[in-house]
Amino acid sequence: MKSTARPQRFISTLRRSIAQTALIIAITALAFLALEFSVATIAPQIEETIVTSGESLGIGDSVLGYRYRGDVRAVHRGPEFDVEYHINSNGHRDATPHATPKPPGLTRILLVGDSFTFGQGMTYEKIWPSIIEQRLRQQGLQLDVVKTGVQGYSTHQEVRSLKQLNDTFEPDIVIITFLPNDLYANSAVDEPARRDLMGIAADKPRRQFHTVQLAQRILTASDQVYMRLYKITPWIDYYRTPHTPEFTTKVATTKALLREAKAVCDAAGADLIVLSVPQQFQVLAATHQFQTPELDVYQVDDAFTEFVVTENIEWIRTLETFVEQYEKDRRALFFRMDGHLNEAGNALLADHLTTILANRFAEDRFDHPHIATAGRITN
């Protein structure tokens, strides 16, 4: 009898344990779903892009991989912004009309870049390309700024885009926006471009939990937590020292791309400027001196110092400007989770670039329609 009773008690106890565990799991799941529903209803945390006029925002392209479809309006919503994008008939986020062929006496600046040039998360009037155009015009300059930033583009796609845009717009100055992530996205000139429409703001939201995203936002609101979490991501390799073999290879690839861009500009009589924009981690790490021996957030800019002088390309560094401003008032310059420049960041970049461009025009005394460069590295 005893030998039979023990297994029965064990089985009975096991069943109760399983039932209790299942009940706990069910209650926890219901509580999470209730919390998820509440957060999703009251404070949605997922970014989404909804086309409100026209077809899809992005379209495949045999040369560029993808591009914007012309005459499209879309709303981009997230926990940090709610903004409308308007893509003009040329497939650019640009409200300035550009006469072609270019009228005599008009100075034209062509901006080529990714989402930081496009102005992700910001209204058109508050993105740095719009601000510099307005301010330079207020100084009496007869110019317009062609804004051709495309979300997700690398330097590889930007150089290919430059080749297409150059003949159409006849720019006097070409400004290519560069970020550390471009370094790792770049491929050789003759390789096919990435056909990745997700580089453009996704037409459908990614499957994520609002509750998890909210928790992440709360945690990363702290600079220290943000930096430590960033350090365990693959992106930290951008700044790891000594240089990884991949870093060295990617620098060489990017230099070849910039040589190609310089050749296009030289053939057209245009000046080439590379505007180096920092990522949020670089600014935070430099401000807080989060510089462990194996990290150097300045090394991406430093890797091109000698190259741009040799190739007679102007490279404008802005990391130091962003660090100086953030040290001064600790005012956020980026959307913390999205990572792009917020209103203050766009204004700061516009101030910095406007000053540099205005000084270059003043040095030329407006005798020439473009900026004379001498392989300078500008801070």
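1. A residue is called buried when its relative accessible area is under 20%, exposed when that value is over 50%, and partly exposed in between. The model is predicted. With that cut-off, Gln 213 counts as buried, because its relative accessibility is 16%. Gln 213 belongs to helix 6, which covers residues 210-220. Setting aside neighbours within four places in sequence, the contacts of Gln 213 are Gln 45, Ile 46, Gln 208 and Met 337.

2. Glu 343 falls into another class. Its relative accessible area is 41%, so Glu 343 is partly exposed. The residue is part of helix 13, residues 343-364. Residues up to four places away in sequence not counted, Glu 343 touches Met 122 and Lys 126. Glu 343 and Val 225 are 118 residues apart along the chain, and their C-alpha atoms are separated by 23 Å.

3. Helix 9 deserves a separate look. How many of the residues of helix 9 are buried? The count is eight of the eight, so helix 9 is largely enclosed by the rest of the structure. The buried residues are Gln 280, Phe 281, Gln 282, Val 283, Leu 284, Ala 285, Ala 286 and Thr 287. Among the elements that cover them are helix 5 (180-185), helix 7 (223-231) and helix 12. Just after helix 9 comes Gln 289, with a positive phi of about 55°.

4. The packing of helix 9 (residues 280-287) on helix 12 (residues 319-329) has an angle of about 60°, and the two axes are 9 Å apart. Helix 9 is therefore oblique to helix 12. The crossing of these two helices is right-handed. On the helix 9 side, the contact involves Gln 282, Val 283, Leu 284, Ala 286 and Thr 287; on the helix 12 side, it involves Leu 319, Phe 322, Val 323, Tyr 326 and Glu 327. By class, the residues of this contact are seven nonpolar, two polar and one charged.

5. Helix 7 also packs against helix 9. Their axes cross at roughly 120° and come within 10 Å. This angle makes helix 7 oblique to helix 9. Here the crossing is left-handed. Helix 7 contributes Asp 223, Tyr 226, Met 227 and Tyr 230 to the contact, and helix 9 contributes Gln 280, Phe 281, Leu 284 and Ala 285. The contact of helix 7 with helix 9 comprises six nonpolar residues, one polar and one charged.

6. In soluble globular proteins, nonpolar side chains tend to be buried together. The largest nonpolar core in this model has 76 residues, and those touching the most other members are Trp 128, Val 174, Ile 175, Tyr 239, Phe 281 and Phe 304. Helix 13 gives this core nine residues, the most of any contributor.

7. Val 174 touches Leu 110, Val 112, Leu 162, Cys 265, Ala 270, Asp 271, Leu 272 and Ile 273, leaving out residues up to four places away in sequence.

Key
Residues are numbered from 1 along each chain as its sequence is written. This is a predicted model: local features need pLDDT of at least 70, side-chain atom pairs count only at pLDDT 80 or more; totals for chains, interfaces and linings use all residues. Side-chain values use heavy atoms; hydrogens and water are left out. Axes are lines fitted to C-alpha atoms, for helices over the stretch in contact, and angles run from 0 to 180 degrees between N-to-C directions. Helices (H or I, at least four residues) and strands (E, at least two) are DSSP runs, numbered from the N terminus. Angles under 35 degrees count as roughly parallel, over 145 as roughly antiparallel, 65 to 115 as roughly perpendicular and the rest as oblique. A crossing is left-handed if the near helix is turned anticlockwise from the far one by less than a right angle, and right-handed if clockwise. Contact means heavy atoms within 4.5 Å. Ala, Val, Leu, Ile, Met, Phe, Trp, Tyr, Cys and Pro count as nonpolar, Asp, Glu, Lys and Arg as charged, and the others, Gly among them, as polar. Buried means under 20% relative accessible area, exposed over 50%, partly exposed in between (1.4 Å probe, protein chains only). A nonpolar core is a set of buried Ala, Val, Leu, Ile, Met, Phe, Trp, Tyr and Cys residues joined through side-chain atoms within 4.5 Å.
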